[in-house]
Amino acid sequence: MYKLMLLRDDGAAAEHVITRLCSIVEDMDEDMASTIFEQAQLSGKAMCGKYPFERAELFKEQLLRSDPMIFADLEDENA
């Protein structure tokens, strides 16, 4: 399993990130997305969820393709 991580971006608009998280990550609601955004802004990154590699990679790529880009990364759960 891989952790989908939202990375801090000081230039990111909260509304844009929250809306995109909700539309891309199927189990994400607005309250959860808002909390994750705030955590990422405070600590540099925040976990959006744990998924099989292919699904996590798809979510990451969709976030990176957002306009403006939303910075995301994957972390191996066992690393």
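A disulfide here is a pair of cysteine sulfur atoms within 2.5 Å. By that cut-off, the structure holds zero disulfides.

This is a predicted model, in which local features need pLDDT of at least 70, side-chain atom pairs count only at pLDDT 80 or more, and totals for chains, interfaces and linings use all residues. Residues are numbered from 1 along each chain as its sequence is written, and side-chain values use heavy atoms, with hydrogens and water left out.

**Stop 1: the cysteines**

Select C22 and C48. C22 is in no disulfide, and the nearest cysteine sulfur, that of C48, is 10 Å away. Next, colour by accessibility: buried means under 20% relative accessible area, exposed over 50%, and partly exposed in between (1.4 Å probe, protein chains only). C22 is partly exposed at 25%. C48 is buried at 4%.

**Stop 2: helix 1**

Switch to the cartoon. Helices (H or I, at least four residues) and strands (E, at least two) are DSSP runs, numbered from the N terminus. Select helix 1, residues 14-24. Which of its residues are buried? They are V17, I18, L21 and I24.

What do the buried residues pack against? Show contacts, meaning heavy atoms within 4.5 Å. The partners are strand 1 (2-7), helix 2, strand 2 (45-51) and helix 3 (53-64).

**Stop 3: the aromatic pairs**

Show the rings of Phe, Tyr and Trp (its six-membered ring): they pair if their centres lie within 6.5 Å, and planes under 30 degrees apart count as stacked, over 60 as edge-to-face and the rest as tilted. The whole structure has two aromatic pairs.

Select Y2 and F53. They form an edge-to-face pair, 5.0 Å centre to centre, with 70 degrees between the planes. This pair links distant parts of the chain: Y2 lies in strand 1 and F53 in helix 3, 51 residues apart. Y2 is partly exposed at 25%. F53 is partly exposed at 39%.

Move to Y51 and F59. This pair is edge-to-face, 5.0 Å centre to centre, with 85 degrees between the planes. Both Y51 and F59 are buried.

**Stop 4: E38**

Select E38 in helix 2 (residues 30-43). E38 is partly exposed, at 48%.
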